[in-house]
Amino acid sequence: MRQPGRFVTLEGMDGAGKSSHVMTVARILEASGQTVLITREPGGTPLGEKLRELLLNESMDIETEALLMFAARREHVASRIQPALAAGQWVLSDRFADASFAYQASARGIDWQRMRSLENWVLGDFAPDLTLLFDLPASTAVERTSRRAPEDRFEKEALDFHERVRQGYWRRREESPARFETIDASQGIEAVAQQVNDVMSRRLRQWGVA
Ligand SMILES: Nc1ncnc2c1ncn2[C@@H]1O[C@H](COP(=O)(O)OP(=O)(O)OP(=O)(O)O)[C@@H](O)[C@H]1O
Ligand SMILES: [Mg+2]
């Protein structure tokens, strides 16, 4: 019987370089013989993409925002991520639950434990096998996103919001250090891709995959 696949997530603030490197990770996994499903949050399903539109563009109460994020995530996990993993595929998601802690809890101010209750309710003990955290100073990330248009309502937030996002990710990393690999995303694209390569090769060896 096929082994179930593994679940890998990319996290980090807006402009950290997640989308720029998602294909790098996919190619490494494919080269090791895996079938890879690439997806993203918020979104990843037809319903989730509709919720994404609302979440990125409509202003709303912060708890509404957190609940909609987890509603979209529930749909994503149940209809896409878990079936793919069960079929032996590897799943690569551009953002997942850590983003809710970074954005809705740390940056917007929802109580951390309350967010954990919501996570527990929606996901139980389901979590990524590996999370690549693209880490860089908020000022560098904001500089990068300011060069592109149009900005969504998260990107439009001030520098201190993005600093709190960064700190939220650090807190999540402290809570599950073995799950995280930190990428120094302040470096140039080539150097970041090299770090991604090194980290993935090491993890695949640990898993007995490569
Ligand atoms: N290491 C890098 N050095 C310089 N520019 C970069 C680097 N990585 C990405 N960029 C550029 O920064 C911008 C943001 O990158 P990208 O879209 O990959 O970030 P992201 O983490 O996916 O952001 P978002 O969360 O907003 O989707 C892009 O214009 C990209 O080309
Ligand atoms: Mg992106």
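Here is the chat about the structure shown above.

Tutor: A word on the source: this is a predicted model, in which local features need pLDDT of at least 70, side-chain atom pairs count only at pLDDT 80 or more, and totals for chains, interfaces and linings use all residues. Residues are numbered from 1 along each chain as its sequence is written, while chains are lettered from A and ligands numbered from 1 in the order in which they are written.

Student: Thanks! How many helices and strands are there in the protein?
Tutor: The protein has eight helices and five strands. Both are DSSP runs numbered from the N terminus, helices being H or I with at least four residues and strands E with at least two. From the N terminus on, the order is β-α-β-α-α-β-α-α-β-α-α-β-α.

Student: And which residues are closest to ligand 1?
Tutor: Asp14, Gly17, Lys18, Ser19 and Ser20 are the closest of the 16 residues that surround ligand 1. A residue is near a molecule if its C-beta atom, placed from the backbone, lies within 6 Å of it.

Student: Which element gives the largest share of that shell?
Tutor: That is H1, with three residues.

Student: How do the shell residues divide into nonpolar, polar and charged?
Tutor: Three are nonpolar, eight polar and five charged. Here Ala, Val, Leu, Ile, Met, Phe, Trp, Tyr, Cys and Pro count as nonpolar, Asp, Glu, Lys and Arg as charged, and the others, Gly among them, as polar.

Student: New topic: at what angle do H3 and H4 pack?
Tutor: Helix H3 (residues 62-86) and helix H4 (residues 97-107) pack at about 175 degrees, with their axes 11 Å apart. Axes are lines fitted to C-alpha atoms over the stretch in contact, and angles run from 0 to 180 degrees between N-to-C directions. That makes H3 roughly antiparallel to H4, a term for angles over 145 degrees.

Student: Which residues of H3 and H4 meet?
Tutor: From H3 there are Ile62, Glu65, Ala66, Met69, Phe70 and Arg73, and they meet Ala97, Ser100 and Gln104 in H4. Contact means C-beta atoms, placed from the backbone, within 7 Å.

Student: One more: is Phe7 buried or exposed?
Tutor: Phe7, in strand S1 (residues 7-11), is buried, with 23 other C-beta atoms within 10 Å. Buried takes 20 or more such atoms, exposed 12 or fewer, and partly exposed lies in between, with C-beta atoms placed from the backbone.

Student: What does Phe7 touch?
Tutor: Not counting residues up to four places away in sequence, Phe7 touches Ile81, Leu85, Val91, Pro128 and Asp129.

How values were computed. Parallel < 35°, antiparallel > 145°, perpendicular 65-115°, else oblique. Contact = placed C-beta atoms within 7 Å.
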